Amino acid sequence: MKLTSCLMKMIGQGVLAGALLMAAALPATAQSASLIDDKLVAELREILAHPVVQMTVRSQNRKYGNLGQSEIDKLDAQWVQERQQDDQPLIAAALNNPASMYLTQIQAESLGLFTEIFITDQNGLNAGQSAITSDYWQGDEAKFKNTYGVGPSAVFIDEPERDEDTKTVRSQANVTITDENGRAIGHATFEVNLTELARRQ
């Protein structure tokens with residue numbers, strides 16, 4: 001699966017290794033989440049319009065749509081517990097579904113622009129992800145409340161944070177997932193490497 005043409009142009013000819021070496025010399029704009037502009041947000045929405053994302057989120061909404069909070073908490077606790085165990089049925093099911101494989105491929109093809117991608121259903125429960133998240137339920141977090149909780153067109157860009165291991169600055173771009181009729185069905189988080197994005201721009 002190829003990234004859309006606009007995102008491919010953003011990738012350009014650079015290599016991630018060069019971006020890491022240049023990170024310390026980048027201007028202050030590399031620290032700013034304002035680098036995540038309308039053009040990039042449109043690319044994120046195009047990624048989320050893919051049938052595998054749409055089918056996965058709708059399917060999980062049908063499966064978990066009527067869950068009560070106690071059941072959601074139980075699933076979340078199971079996820080956190082499984083992270084410490086060899087037997088991981090809930091995590092394995094999430095990581096091996098078609099949406100997770102698609103998002104993993106999108107992350108890989110971004111060549112360092114995206115460092116994590118995950119999507120949730122209408123409850124804020126993970127429906128697909130490119131890597132294991134710390135928890136299963138995102139519904140109590142600002143990323144979900146400020147997107148799905150606001151409406152179909154909502155976008156929430158979180159504060160930038162510096163990753164000391166890679167010497168890069170990152171920010172989470174969060175958007176509401178909508179169906180073909182423009183109705184909110186879930187939410188998505190893209191962790192964006194702002195250092196790499198500044199280099200490309």
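Helices (H or I, at least four residues) and strands (E, at least two) are DSSP runs, numbered from the N terminus. By this rule the chain holds 9 helices and 6 strands. The structure is a predicted model, in which local features need pLDDT of at least 70, side-chain atom pairs count only at pLDDT 80 or more, and totals for chains, interfaces and linings use all residues. Residues are numbered from 1 along each chain as its sequence is written, and side-chain values use heavy atoms, with hydrogens and water left out.

**Chain overview**

- Of the 201 residues of the chain, 48% are buried, where buried means under 20% relative accessible area, exposed over 50%, and partly exposed in between (1.4 Å probe, protein chains only).
- Among contacts (heavy atoms within 4.5 Å) with a separation of 6 or more, 65% come from residues 24 or more positions apart.

**Helices H4 and H7**

- The axes of H4 (residues 51-64) and H7 (residues 98-109) come within 9 Å and cross at roughly 145°; axes are lines fitted to C-alpha atoms, for helices over the stretch in contact, and angles run from 0 to 180 degrees between N-to-C directions.
- Val-52, Val-53 and Thr-56 of H4 make the contact with Pro-98, Ala-99 and Tyr-102 of H7.
- This contact has 5 nonpolar, 1 polar and no charged residues; Ala, Val, Leu, Ile, Met, Phe, Trp, Tyr, Cys and Pro count as nonpolar, Asp, Glu, Lys and Arg as charged, and the others, Gly among them, as polar.

**Aromatic pairs**

- Rings of Phe, Tyr and Trp (its six-membered ring) pair if their centres lie within 6.5 Å; planes under 30 degrees apart count as stacked, over 60 as edge-to-face and the rest as tilted.
- The count by this rule is 3 aromatic pairs.
- One of them joins Phe-144 and Tyr-148, which are stacked at 5.2 Å centre to centre with 25° between the planes.
- Phe-144 is buried, at 7% relative accessible area, whereas Tyr-148 is partly exposed, at 23%.

- Strands S1 (residues 114-120) and S2 (residues 126-129) run antiparallel and are joined by 3 bridges; two strands pair if DSSP finds at least two bridges between them.
- Phe-118 has Gln-129 in S2 as its bridge partner.
- The two strands form a hairpin with 5 residues between them, and Gly-124 in the turn has a positive phi of about 90°.

- Most residues other than glycine have a negative phi.
- Leu-111, in the loop between H7 and S1, has a positive phi of about 55°.
- Lys-167, in the loop between S4 (161-163) and S5 (168-178), has a positive phi near 60°.
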